[in-house]
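Reader: I'm new to this one. Could you walk me through how to read it, one feature at a time?

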Amino acid sequence: MMDIQRSVVDEDLAVIHCEGRLNMVAAGSLRACIEQSVDAGQSRVVIDLGAISFIDSSGLGSLIAGLKKARQAGGNLRIAAATDQVLTVLRLTNLDRVLRPHLTVEEASSGW
Amino acid sequence: MAGDSGSTSPDRDAVYEVAGVAVPGSLDQLHDLMTQVGDEHPAVAELDLSMLETAVIEIAGNLVEHGRPAGAVSYHLRLEVLPDRLEGLLADSGEALPEGCRPGGVPENLVAAAGPEEPPAGPMPDGRLLADSPRGQFPSDVLEELADDDMPDLLDEDGRGILIARAVLDELSYCRRDDANTWRMVRLRRPAGAAST
């Protein structure tokens, strides 16, 4: 299971904190949360993956969907604080090219 | 759950099994089993175990999504910790995988060679999906080595599951036999401190 919490940081910036396993059970919730954020005007989205212990292809799919949604609205989506398993899967799928891992939420939240 | 098939293994403590119905909620019990393996085998490198877990969840997720009849497919995972490798066998009672869900396709003659069409239907007579055959007896003649495919386009939202499973494993094979789909997943154990995947 995964817990999701969205914090509006700025007029156009939100940070979504995730905790648990980002698998097919949780992917839909994250996707919906990102869409909500973009629809509410926060099209710059930072996903805090610091407490995500595991991601699978469904979870990656939700991040990609969120990335596209944010870009369509003129924003972007960044990921931060990813753990080893997440970083490895990102690298193996080459998705680190479009979802460049940021070390911290603070780093990801600045310099858009 | 753990070790209850130990009679077939020289190392009782190194065999773990779990069975269930292929629905999204059941993925958690596979995750939990992996956590248990890690707790009970601290010598197994965390990365090796997490990569096997990645593969198991991808293959099981594939089953949850594409297994037919939907919501009524039983699965049985056997996980073995060996000195040189981690090995998972995931069997399910579902229909033969449709072409699109097979890793690179399994030729018809391979399916035909895999065993009689009937009986038994579904699980083993005692309700298990995996026969008590040691891993050495896994039918190597019907193993399908996966062909190389490229990852989908970077902005595609799906289509990566099997490819990820293959990338994190040293061996991934599929066979259709005795009315069951069986996946064999092998992750060789890296020496302590070894880098990368």
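Author: Let's begin with B:E157: at 25% relative accessibility, B:E157 counts as partly exposed. The general idea is that buried means under 20% relative accessible area, exposed over 50%, and partly exposed in between, with a 1.4 Å probe and protein chains only. Keep in mind that this is a predicted model, where local features need pLDDT of at least 70 and side-chain atom pairs count only at pLDDT 80 or more, while totals for chains, interfaces and linings use all residues. Residues are numbered from 1 along each chain as its sequence is written, chains are lettered from A and ligands numbered from 1 in the order in which they are written, and side-chain values use heavy atoms, leaving out hydrogens and water.

Reader: Which side chains meet B:E157 in a salt bridge?

Author: A salt bridge is a side-chain nitrogen of Lys or Arg within 4 Å of a carboxyl oxygen of Asp or Glu. Here, B:E157 meets A:K68 at 3.0 Å, N to O. B:E157 sits in the loop between strand 4 (144–145) and helix 4 of chain B, and A:K68 in helix 2 (residues 57–72) of chain A, so this pair joins two chains. Helices (H or I, at least four residues) and strands (E, at least two) are DSSP runs, numbered from the N terminus. A:K68 is partly exposed too, with a relative accessible area of 26%. B:E157 also meets A:R31 in a salt bridge, again 3.0 Å from N to O.

Reader: How many salt bridges are there between chain B and chain A?

Author: The count between them is 4, and a search over all chains finds 14.

Reader: And how much area do the two chains bury between them?

Author: Buried area is the accessible area (1.4 Å probe) that two parts lose on being put together, summed over both. Chain B and chain A bury about 2200 Å², 65% of it on carbon and sulfur atoms. B:E157 turns up again: with B:L154 and B:L155, this residue supplies 30% of the area that chain B buries against chain A, more than any other three residues. Contact means heavy atoms within 4.5 Å, and the contact takes 28 residues from chain B and 26 from chain A.

Reader: What about salt bridges inside chain B?

Author: B:E87 lies in strand 3 (residues 85–92) and B:R184 in strand 6 (residues 180–188) of chain B, so the pair ties together parts that are 97 residues apart in sequence. B:E87 counts as buried at 3% relative accessibility, and B:R184 is buried at 12%. Salt bridges that share partners join B:D84, B:R85, B:E87, B:E171 and B:R184 into one network.

Reader: Is B:Y174 buried or exposed?

Author: Buried, with a relative accessible area of 0%. B:Y174 is found in strand 5 (residues 171–177) of chain B. Its side chain makes a polar contact with that of B:N181 at 2.7 Å. A polar contact is a pair of N or O atoms within 3.5 Å; within protein, one must be able to donate a hydrogen and the other to accept it, and residues adjacent in sequence count only if both atoms are side-chain atoms.

Reader: Last one: where does the side chain of A:R78 reach?

Author: The side chain of A:R78 reaches the backbone oxygen of A:S110 at 2.9 Å. A:R78 is buried yet has no salt bridge; A:E107, the nearest side chain of opposite charge, is 7.4 Å away. For charge, Lys and Arg count as positive and Asp and Glu as negative, with His and the chain ends not counted.
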